Each structure stands twice: as structure tokens, then as C-alpha cells.
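Please keep the structure open beside the text.

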Amino acid sequence: VLITCPTTQNGSGLLEFEFSSVLAPNTPYYFRLKRTGDADVNNYWKLKSNQGDVYDGGTLEYYTTGWYAQNEWDLKFKLSRKAIYGPQEITEDVRRIIIDGGKSDISGETQEGSLSLVLDNASGKYNLENADSPLYGLFDLEQKMAVSVVYDDVEYPRYRGFITEIIPDFRNRIVNVKCRDLFHKLKKLEVSIGQQIGKTASELVETLLNAAGYDVNEYLLDDDDDTLETVTWDNVNVLDKLKTIVEVGQHHHFIDGEGRYVFKNNQWLSNPIPEYVFIKQNVAENRLSYDLQEIKNRINITNDTLDVTREDQNSINRFGIYEYSMNNELMPTADDIYAKAIADYLLTLFAEPGSVLELRIDHIFPEMLNIGYGTRIQYIAEDFDLNALYAVEHINESMDNKGNHYMRLKCRKWVETPAVSAFYTMAPFEGAEWLDLSDDVTLALESFRVASNGYPYAATVNLEHDLNHD
């Protein structure tokens with residue numbers, strides 16, 4: 001049946017499709033919408049209701065405002081009156097939950113967060129073809145899935161993602177469900193943005209996310225101060241460019257338990273104060289390892305006009321050469337100061353091998369429900385003479401319907417995170433004057449300091465003087 005819906009253009013220039021006046025109440029509908037015509041129309045769509053975003057049906061007062069599609073597309077909406085009551089509660093059918101996310105390689109980039117569910121399907125409720133199921137039209141691929149834990153009447157969001165795989169096991173009358181977090185969506189989006197001049201990393205992230213149809217309620221962004229190279233992007237992959245932004249300043253990004261995209265600047269882990277203290281006797285399992293995989297003692301940063309190499313000779317003499325190379329279009333090219341600063345920042349963190357701590361913690365509530373990426377943990381094992389600060393970089397969380405609930409944490413030993421700006425700015429102390437590094441300067445001082453965080457300041461000045469003074 002072809003239904004023509006009244007349409008209006010709202011103040012943001014988006015078309016609103018109003019369904020309520022042409023649909024019968026208390027009647028489920030199966031929609032297939034096809035958009036054709038002018039390619040200039042915004043191709044981002046989202047299903048909404050007067051109660052907020054809905055991805056699994058809702059009331060019949062619908063409009064669309066932002067879901068990616070091609071110029072001509074064929075998109076299915078399964079709408080049901082049942083969703084008027086909000087998300088469908090399926091806790092009683094859960095047998096097991098496993099949530100996994102963070103960095104697979106402790107010094108690498110953040111991976112897609114995954115959710116694995118085992119659901120009781122004795123009733124056939126989760127059979128997609130079962131028209132008599134109360135979830136018919138609601139439980140399907142790409143629908144949203146949420147996991148929260150309630151402890152002492154407080155709800156702790158653990159995961160928000162999208163169903164990517166449904167595997168019925170008819171013999172055991174269960175269904176296995178696999179989900180991926182927002183990175184799964186972002187890697188399938190392409191956008192174009194005009195010339196970006198004088199933008200910082202966080203400003204570029206926000207521009208990308210807005211172009212992809214996401215608003216301020218769907219992301220959390222740290223501020224940062226470093227101006228990046230001017231860029232114009234046409235039909236670029238959103239996740240690829242987010243990774244480019246994160247890489248250029250050695251920032252961090254991940255998806256939190258509420259499903260929001262989170263951007264943290266490179267000072268995120270600079271706080272040396274622990275958030276939690278665990279002692280060896282109170283954890284179920286612990287493993288400490290030292291290896292060479294994290295070492296970066298020669299840093300190469302290049303692009304069309306830059307060629308910067310920095311190294312830590314002491315580390316090279318001890319361990320050999322461990323190279324890290326970056327070719328990033330956003331690296332400022334007016335000079336090589338920022339590139340050198342990033343290289344020195346990396347050497348500070350990775351020229352020496354670090355230690356990796358793996359813990360399993362069971363039923364430590366509510367502490368374990370507040371642990372997330374970047375949580376700082378002080379770990380004490382007196383029999384190993386160990387008392388050190390670690391930052392969480394990978395979490396594997398498991399729960400089941402028998403009351404078991406534990407986490408496996410992979411943590412990297414905390415290293416003081418220097419401010420990148422410390423490598424290329426100097427504040428004059430009392431009695432000092434600014435010097436232009438391009439000038440020829442003769443230094444004849446009784447005492448002076450040319451250093452930052454233990455590294456010599458990166459200026460090309462030869463000093464025939466004793467540097468051991470204060």
C-alpha cells in the first residue's frame with residue numbers, strides 16, 4: 001500500500017515525515033522507504049519519536065532526521081505500537097554476557113567494543129520469522145542493544161551497541177547474539193566537509209561527527225590547544241579520519257558505556273593520583289609481564305614537507321632500534337616544532353620498556369562498576385615488593401544468570417605524561433627575557449637552565465658552558 005505522508009522542512013533544513021495522521025492506532029506497520037531524486041538533499045536519516053530517538057519502534061508520531069544512505073536507497077523501518085513502553089526488557093532470558101573492549105595491543109589503537117549474549121530461546125521469542133513473538137519486528141540486525149548493571153538501586157551503564165550477528169541454536173534452544181559499538185557505525189559512514197582552517201583536534205572531531213548526523217548528546221570531547229594543518233575532506237570515511245585526528249596529537253578515543261563517542265586529549269592520563277587501590281590478596285588472578293613490544297626509541301614523522309627523526313640513544317644502545325613512523329596530513333607544516341614535540345612526547349612514554357598488569361576482580365562492588373578505560377589503579381603486592389600505579393587499557397567483563405560477575409583488566413604502568421607544549425614553549429622565569437631562536441645569541445651566564453621534563457630543549461644552540469648548575 002502506497003501512503004503519502006505530509007512533509008515539512010524544519011528550521012535546520014531537514015525534511016520531517018509525519019506518519020501519525022495516516023496510520024491506524026494500535027496497528028503494527030512494516031515500512032519500506034525509498035528515496036530518489038535530488039542528490040543535494042542531506043542523506044543522513046534517523047528514526048525519532050516525540051519521546052526521543054528510537055531504533056526499535058515507538059509511538060506513531062515519527063519523523064526522520066539523520067541516518068546515512070546513498071542518493072538512492074532502500075531502507076527498512078519495522079515499527080510496532082508495542083515500543084511505546086520504551087526499550088524491551090530481556091533480562092529474564094539472559095544466560096551469559098561478555099563485554100570486551102579497549103586496546104588489543106596495549107600501546108595500539110582502540111578497537112571496536114563487542115558484546116556477546118546467550119539468550120534462552122525455548123519459547124522461540126528470538127526467532128526472527130516468528131510473527132507471534134512479542135519482539136517480532138523489534139529484535140533484528142542493527143537494532144540497539146543495551147546492558148546495565150543495577151547495584152544498590154544505582155544503574156551503571158556497561159555497554160551500548162548494535163546487533164551485528166544472530167545465531168540460533170535450535171538444538172539447545174538458545175540464541176547467540178553478537179554486537180558492536182558505535183565504531184561499527186562510524187566506519188560505514190562517509191562525509192564531506194569544507195576547508196578547515198585553524199582547527200584543533202577536538203574541533204575537527206566535532207565537525208566530523210556533526211557532519212555524520214551526531215549531536216552533542218552523543219559525544220564527549222576534551223578541549224585541546226594545538227592548531228592543526230588546514231584540510232578539506234571529500235567523501236571520506238568518518239572513522240578513518242577520527243583515527244587520523246587522534247594519531248596526530250597522540251590523543252585517545254573510545255565508546256563509553258552509554259554508547260557515546262569519547263575524545264580525550266594527550267594529557268588524559270597525566271594525573272598521578274589513584275582512583276582505586278587493589279591489593280594482591282583481594283584479586284582473583286594477577287599476572288605481571290615485562291616485554292619489548294611497547295618500545296619506541298626512534299620516531300620518524302613525515303608528510304609532503306616534513307621529515308623529522310628523533311631518537312633516544314640510551315634506549316637504542318640498550319635495546320636496539322624500535323622505530324615508530326607517522327605520516328599524517330594534519331601535522332602542522334609551517335615549521336617542524338610540533339612534529340619534534342610529538343616525537344619527544346613519544347620518546348618520554350615509550351623509550352623504555354613498560355610493564356603490563358593483568359588482573360581478574362570478582363564481585364568487588366561498586367568499585368568494579370566504575371572502572372573504565374583510563375581508570376588509575378594502585379596495585380600492591382608486598383611479596384613482590386610491588387606498589388605501583390597502572391592505567392586500565394583493556395576490559396573484558398563477564399556476567400551470567402547464576403550470579404557470577406567478574407572483570408579481566410589489562411593495565412599499563414603509569415608513566416608521567418608530559419605536556420606536549422612543554423617541548424616547544426618556554427615560560428620566562430624571573431629576571432629572564434624571551435629569545436628569538438632565529439637570532440645568533442652568545443650566552444655568558446653564571447647559571448641557566450635549558451631543559452623540560454628532563455629532556456634538553458630542542459633549540460639549535462651550541463653551549464660551551466657547564467650545564468650542571470641550577
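This is a predicted model: local features need pLDDT of at least 70, side-chain atom pairs count only at pLDDT 80 or more; totals for chains, interfaces and linings use all residues.

Q: How do strands of a sheet pair in general?

A: Strands of a sheet pair through backbone hydrogen bonds, and the pairing is either parallel or antiparallel. Here, strand E25, residues 386–400, runs antiparallel to E26, and nine bridges join the two.

Q: How many residues lie between E25 and E26 in their hairpin?

A: There are four residues between E25 and E26, and in the turn Gly403 has a positive phi of about 95°.

Q: Which strand do seven bridges join to strand E26?

A: That strand is E23, residues 355–362, which runs antiparallel to E26, residues 405–413. Within this pairing, Arg360 has Arg408 in E26 as its bridge partner.

Q: In what order do the three strands of the open sheet stand?

A: The order is E21-E20-E22, and the pairing in this open sheet is mixed. The edge strands, each of which pairs on one side only, are E21, residues 307–311, and E22, residues 323–327. From one strand to the next, the twist averages 10°.

Q: In which sense do E20 and E21 pair, parallel or antiparallel?

A: Strand E20, residues 298–302, pairs with E21 in the antiparallel sense, over five bridges. To follow this pairing in the structure, you can look for Asn300, which stands opposite Thr309 in E21.

Note on methods:
Residues are numbered from 1 along each chain as its sequence is written. Side-chain values use heavy atoms; hydrogens and water are left out. Two strands pair if DSSP finds at least two bridges between them. Axes are lines fitted to C-alpha atoms, for helices over the stretch in contact, and angles run from 0 to 180 degrees between N-to-C directions.
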